[in-house]
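Good morning, and thank you for joining this meeting. Please take a moment to look at the structure on the screen before we walk through it together.

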Amino acid sequence: MTKPFKMTLYGPDGVLVLSRELPWIKSISIALDVSQKLLLQYREQGHKSGMVELKAQGVSHCLV
């Protein structure tokens, strides 16, 4: 069994905003899409900066 994807949203200055495991997602492309949409929602709420880190299969992907 593989470890689930873990998505972490950081605000300005690296402040942790949200961290979630995504056990129902099996595809890296879907996990990246979900992460990108979360970051877009965060910015639409008026936040100027943020970053999403997606950890999957031993690799860390960062969306800024």
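Predicted model: local features only at pLDDT ≥ 70, side-chain atom pairs only at ≥ 80, totals over all residues.

Residues are numbered from 1 along each chain as its sequence is written, and side-chain values use heavy atoms, with hydrogens and water left out.

Ser 35 belongs to helix H1, which covers residues 28-44. Helices (H or I, at least four residues) and strands (E, at least two) are DSSP runs, numbered from the N terminus. What does Ser 35 touch, not counting residues up to four places away in sequence? Its partners are Met 7, Val 52, Leu 54 and Leu 63, where contact means heavy atoms within 4.5 Å.

The protein chain has 1 helix and 4 strands, and from the N terminus on the order is β-β-α-β-β. The radius of gyration is 12 Å, close to the 11 Å that the globule rule gives for 64 residues, so the protein chain is as compact as a globular protein of that length. That radius is taken over C-alpha atoms, and the rule is 2.2 Å times the number of residues to the power 0.38. Along the principal axes, the C-alpha atoms fill a box of roughly 40 × 20 × 15 Å.

Of the 64 residues, 27% count as buried. Among contacts with a separation of 6 or more, 44% are between residues 24 or more positions apart. The chain exposes about 4,600 Å², and carbon and sulfur atoms supply 57% of this area; accessible areas come from the Shrake-Rupley method with a 1.4 Å probe, and for residues only the protein chains shown count as cover.

Pro 12 sits in the loop between strand S1 (5-10) and S2. It is partly exposed, at 40% relative accessible area, and beyond its neighbours within four places in sequence it is in contact with Tyr 42 and Ser 49. Asp 13 is found in the loop between S1 and S2 as well. Is Asp 13 buried or exposed? At 82% relative accessibility, Asp 13 counts as exposed. Asp 13 also has a positive phi of about 60°, although it is not a glycine.

Strand S2 spans residues 16-22 and includes Leu 16. Leu 16 is exposed, with a relative accessible area of 54%. Apart from neighbours within four places in sequence, Leu 16 is in contact with Thr 8, Leu 9 and Tyr 10. Leu 16 and Val 52 are 36 residues apart in sequence, and their C-alpha atoms are 10.0 Å apart in space.

At 14% relative accessibility, Glu 53 counts as buried. Its contacts, leaving aside neighbours within four places in sequence, are Lys 6, Met 7, Thr 8, Tyr 10, Ser 60, His 61 and Cys 62.

Gly 58 occupies the loop between strand S3 (51-56) and strand S4 (59-63). With 86% relative accessibility, Gly 58 counts as exposed. Where does Gly 58 stand relative to Pro 12? The C-alpha atoms of these two residues are separated by 26 Å, and they are 46 residues apart along the chain.

Finally, a word on open space. Rolling a probe the size of a water molecule over the atoms shows where empty space is left. The largest pocket holds about 160 Å³ of space. Of the 10 residues that line this pocket, the closest to its centre are Thr 2, Lys 3, Pro 4, Ile 25 and Lys 26. On a 1 Å grid over the protein atoms alone, a pocket is an open set of points where a 1.4 Å probe fits, with protein on both sides within 12 Å along at least five of seven lines, and lining residues have an atom within 4 Å of a point.

Definitions and conventions: Points joined across faces, edges and corners; volume = space filled by probe spheres on them. Buried < 20%, exposed > 50% of the residue type's maximum accessible area, 1.4 Å probe, protein only.
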